[in-house]
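Subject: Structure handover, salt bridges

Hi,

Here is the structure I promised to pass on. Please open it alongside this note.

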Amino acid sequence: YSTRCRDPVNTCPPPALPQYAPTPPPPPPLPASPAPVPPSVVLVAATRVGIALSTEYSNEFPASNCADGNLETLCASTDEANAWISVRFASATPFQYVAVTNRGDSSDRQRWLGRFEVWLGSSFGDASATAVRCARQTSVPLGAGPFMISCDSATAPVPAGGDVYVTLRQVGSTASHPRSLTLAEVAAYAGPLSPSQPPLPPVP
């Protein structure tokens, strides 16, 4: 108390409190931890039960090389107008995407693929009026791929329980300007694609 406070009756005023900086507000709560990153999307390969080429260049490059899971082997047609390759898929394994893998040995030879269409049909090579076209006049960049093409087997013009045929058909070539169709693999997959697609699983 101040030494000047001598009033024996009245209570002396309380001493002044020292001045302190105001107490800062509590910090905001930390943000919640981000949600865990979902695992990579898993694609399920449709089962291939047959494959055919419009023509075969030689016994060294048969159609079956494009359905063996080995990207080092190639299938090849002769030089012809609008060559095609067709894969038969079991009805019990539906799919939403067709995966086309170009040859990986030469960028010059990758150009041979050129423009093409993808069809769903009821027989090998089916690009008839009753077939369903998934891709029209498509071309892909240089590189081996695989290149994923949206193609839902549920839209195929086949009876319930019937196998589905996917036909990749070159367009733009003629008898006077033929082209050879050479690829490494043709497959199909079920499942959604993600921005960072993982490597494709083995194909039966």
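Below is what turned up when the charged side chains were checked.

Please keep in mind that this is a predicted model. It holds seven salt bridges.

Start with Glu185 and Arg48. Their side chains form a salt bridge, at 3.0 Å from N to O. This pair joins distant parts of the chain, 137 residues apart. Glu185 sits in strand β10 (residues 182-190), and Arg48 in strand β2 (residues 48-53). Both Glu185 and Arg48 are buried.

Next, Glu117 and Arg133. Here the closest N and O atoms of the salt bridge are 3.0 Å apart. The two residues are 16 apart in the chain, and they too link distant parts of it. Glu117 belongs to strand β6 (residues 116-121), Arg133 to strand β7 (residues 132-138). Glu117 has a relative accessible area of 4%, so it counts as buried. Arg133 comes out at 31%, so it counts as partly exposed.

Then Asp105 and Arg103. Their salt bridge has its closest N and O atoms 2.8 Å apart. Arg103 is at 7% relative accessibility, so it counts as buried.

Best wishes

Key
Residues numbered from 1 in each chain as written. Predicted model: local features only at pLDDT ≥ 70, side-chain atom pairs only at ≥ 80, totals over all residues. Heavy atoms only, no water. Salt bridge = Lys/Arg side-chain N within 4 Å of Asp/Glu carboxyl O. Helix = DSSP H or I, 4+ residues; strand = E, 2+ residues; numbered from the N terminus. Buried < 20%, exposed > 50% of the residue type's maximum accessible area, 1.4 Å probe, protein only.
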